[in-house]
Amino acid sequence: MNPITLAISTGRCGTTFLEKTFKLNFGSDKNWISHEYLKQDITKVGIYHRCYSGGCLEEMGNVRIQELVNTWLEISKSGPVVDFGWTMRALIPYLYEKIGSQLRVLFIHRHPIEVAASFKLIGSYSVYNSPQWAITPWHDRAMYPQFKDRWPSMTPFEKCLYLWLEVNSFGLEVPKRFPNLQFLQIRSDELFRRDTILDDIVRFTGFEHNGLSLKRSNEKNRRDLFSLERRPIKNEWVHYNRHPEVICLAEELGYNMSVECISDIITKYQLPQGIMPFLRNKSGFWAHKQNVGSILKILGLKG
């Protein structure tokens with residue numbers, strides 16, 4: 001039996017790049033390569049956060065999930081299986097119970113400021129708050145319930161930092177819970193600056209490329225301009241220092257959390273310079289355009 005690999009990440013960590021690169025090099029009917037194959041409404045990645053035992057672990061075995069596991073087990077007879085998506089991370093304890101040592105886990109993390117800023121741009125913890133993914137300090141298995149006292153005064157950007165903290169703490173916790181689990185931890189930025197990291201991931205997930213150079217996908221899942229102009233990061237980023245837990249874990253993972261470093265990082269998530277970005281931001285241009293597009297789609301006037 002070949003390995004079945006799942007990833008732990010917040011998302012926005014280069015996992016789309018990994019999926020496209022692996023399909024470019026190893027796409028075949030004999031193996032399985034996917035990214036977020038099951039979405040959060042099925043995996044309930046927030047609700048099942050840190051579910052290691054008990055009733056919630058039993059609940060994970062719904063029909064869709066069990067069908068997928070059975071499919072993976074069949075495919076793994078001929079080739080490796082991997083899903084790089086963040087929506088699958090909560091299934092790791094469930095899958096380990098089902099298949100044991102056949103499971104492998106890839107833990108991919110990124111600088112917390114980059115992750116939080118990226119999620120804030122798309123409306124996380126402001127427009128979008130579904131418990132299917134949005135972990136809060138009131139979660140039954142939250143690792144940092146002390147954030148309850150701060151939550152009412154926290155901005156969406158800070159709440160995205162909290163999500164980063166919970167997910168990456170889970171990533172460090174998993175190999176301690178399952179000491180026999182094959183586990184590989186990498187930094188997202190290594191994917192784009194160190195060629196050999198791809199070779200490491202290929203070997204870890206059970207694929208073979210026979211020493212040939214890997215083709216790298218050009219796709220990095222960048223956010224569109226409208227996200228920068230619609231919900232740019234303003235001065236809320238300075239409040240990261242209210243959360244020593246985030247700073248402590250980030251530094252443990254090797255990230256620079258100095259004000260100088262973060263002020264440099266944050267510039268690419270702020271409103272672009274120029275009169276037109278300013279006017280589109282102030283007028284709500286992108287929100288109006290989205291609303292009009294939705295109406296036209298309902299009316300059948302837009303493909």
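Author: H4 passes H5 in a right-handed crossing, meaning that the near helix is turned clockwise from the far one by less than a right angle. Keep in mind that this is a predicted model, where local features need pLDDT of at least 70, side-chain atom pairs count only at pLDDT 80 or more, and totals for chains, interfaces and linings use all residues. Residues are numbered from 1 along each chain as its sequence is written, and side-chain values use heavy atoms, with hydrogens and water left out.

Reader: Which residues of H4 and H5 make the contact?

Author: From H4, Ile 65, Gln 66, Val 69, Trp 72 and Leu 73; from H5, Tyr 94, Leu 95, Lys 98 and Ile 99. Contact means heavy atoms within 4.5 Å.

Reader: OK, switching to H1. Where does H1 run, and how many residues has it?

Author: H1 covers residues 15–26, with 12 residues. Helices here are DSSP runs of H or I with at least four residues, numbered from the N terminus.

Reader: Which residues in H1 are buried?

Author: Thr 15, Thr 16, Phe 17, Leu 18, Glu 19, Thr 21, Phe 22 and Phe 26. Buried is under 20% relative accessible area, with a 1.4 Å probe and protein chains only.

Reader: And what covers them?

Author: The cover includes strand E2 (32–34), strand E4 (103–109), helix H8 (190–193) and helix H9 (196–205). Strands are DSSP E runs of at least two residues.

Reader: Which residues does H9 bring to its contact with H1?

Author: Leu 198, Ile 201, Val 202 and Thr 205. On the H1 side, Phe 17, Leu 18, Thr 21, Phe 22 and Phe 26 take part.

Key
Expected span 1.5 Å × (residues − 1). Buried < 20%, exposed > 50% of the residue type's maximum accessible area, 1.4 Å probe, protein only.
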